[in-house]
Structures are given as structure tokens and as C-alpha cells.
Amino acid sequence: MQPLPEVGDLVRDTATGRVGFYVDSVAGRFLIRPVHGGREWEAEPGDVQLATPMRELRARAAEINARSRRDIGS
């Protein structure tokens with residue numbers, strides 16, 4: 001059995017292939033926020049796994065870059 005993710009952990013939804021940040025658990029399902037922002041989605045806990053360190057590094061760098069582009073444009 002996999003450990004439960006903590007809020008802010010980068011996870012991969014194996015059912016969809018999407019990667020995002022774990023937000024919460026609602027009614028037995030996981031709520032995940034996309035790396036680049038946008039609408040959160042729900043996933044079955046059995047379909048969610050912690051992202052590999054390399055995938056996490058890429059995702060966090062992409063999030064920082066996207067945030068800096070938004071800040072420059074304001």
C-alpha cells in the first residue's frame with residue numbers, strides 16, 4: 001500500500017496521465033490541482049501515485065516559470 005500524499009505533494013493520476021499537486025481528499029476521492037493552474041480534478045486514490053523526483057523537479061520549475069510570466073505581465 002502506498003503512503004497517502006500530503007498537501008502540496010506532486011502526484012500522477014495514472015488513469016489520465018495528468019500530473020498535479022495533491023490538495024485534499026473529498027468523499028473518498030483525491031482532489032488534484034494542475035501544475036500550471038486551472039480547474040482541479042478528482043481522482044480515485046488507487047489511481048494516484050507520488051511523482052518521481054525528476055518529474056517533481058520539472059513540474060515545480062514549470063510552476064515557478066509560469067508564475068514569473070504572470071508577474072511580469074501584470
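Colleague: Which strands form the hairpin with four residues between them?
Modeller: β1 and β2 form that hairpin. Glycine 17 sits in the turn and has a positive phi of about 80°. Strands here are DSSP runs of E with at least two residues, helices are runs of H or I with at least four, and both are numbered from the N terminus.

Colleague: Before we go on, what kind of model is this?
Modeller: This is a predicted model, in which local features need pLDDT of at least 70, side-chain atom pairs count only at pLDDT 80 or more, and totals for chains, interfaces and linings use all residues. Residues are numbered from 1 along each chain as its sequence is written, and side-chain values use heavy atoms, leaving out hydrogens and water.

Colleague: How many helices and strands are in the protein?
Modeller: One helix and five strands. Along the sequence the pattern reads β-β-β-β-β-α.

Colleague: In what order do the strands sit in the sheet?
Modeller: The order is β4-β3-β2-β1-β5. The sheet is open and its pairing is antiparallel. Strands count as paired if DSSP finds at least two bridges between them.

Colleague: Which are the edge strands?
Modeller: β4 (41–43) and β5 (48–50), and each pairs on one side only. The twist from one strand to the next averages 50°. Such angles use lines fitted to C-alpha atoms and run from 0 to 180 degrees between N-to-C directions.

Colleague: How many bridges join β1 to β2?
Modeller: Four, and the two strands run antiparallel. Valine 11 has glycine 20 in β2 as its bridge partner. On the other pairing of β1 (residues 10–13), three bridges link this strand with β5. There, arginine 12 partners glutamine 49.

Colleague: And how many bridges between β2 and β3?
Modeller: Six, again in the antiparallel sense. Glycine 20 stands opposite proline 34 in β3. These strands form a hairpin with two residues between them, and alanine 27 in the turn has a positive phi of about 50°.

Colleague: Then how many residues lie between β3 and β4?
Modeller: Six, in a hairpin where glycine 37 takes a positive phi near 85°. Three bridges pair β3 with β4. Phenylalanine 30 stands opposite alanine 43 in β4.

Colleague: New topic. Which residues make up the largest nonpolar core?
Modeller: Seven residues: Val11, Tyr22, Phe30, Ile32, Trp41, Ala43 and Val48. β3 (29–34) and β4 are the elements that give two or more residues to this core. A nonpolar core is a set of buried Ala, Val, Leu, Ile, Met, Phe, Trp, Tyr and Cys residues joined through side-chain atoms within 4.5 Å. Another core, of five residues, lies apart from that one, and includes Leu10, Phe21, Ala51 and Ala59.

Colleague: Why does tyrosine 22 count as buried?
Modeller: Because its relative accessibility is 9%. Buried means under 20% relative accessible area, exposed means over 50%, and partly exposed is in between, using a 1.4 Å probe and protein chains only. Phenylalanine 30 is buried too, at 6%.

Colleague: Why is the pair of tyrosine 22 and phenylalanine 30 called edge-to-face?
Modeller: There is one aromatic pair by the ring rule. The ring centres of tyrosine 22 and phenylalanine 30 are 5.1 Å apart and the planes are at 75°, so this pair is edge-to-face. Rings of Phe, Tyr and Trp (its six-membered ring) pair with centres within 6.5 Å; planes under 30 degrees apart are stacked, over 60 edge-to-face, and the rest tilted.

Colleague: What else is phenylalanine 30 in contact with?
Modeller: Beyond neighbours within four places in sequence, its contacts include Leu4, Pro5, Trp41, Pro45 and Val48. Contact means heavy atoms within 4.5 Å.

Colleague: Where does histidine 36 lie, and is it buried or exposed?
Modeller: Histidine 36 lies in the loop between β3 and β4. This residue counts as exposed, at 52% relative accessibility. Leaving aside neighbours within four places, histidine 36 is in contact with Ala62, Ala66 and Arg70. Histidine 36 and glycine 20 are 16 residues apart in sequence and 8.4 Å apart in space, C-alpha to C-alpha.

Colleague: Last one. What does the C-alpha trace span?
Modeller: About 40 × 25 × 20 Å along its principal axes. Of the 74 residues, 26% are buried.
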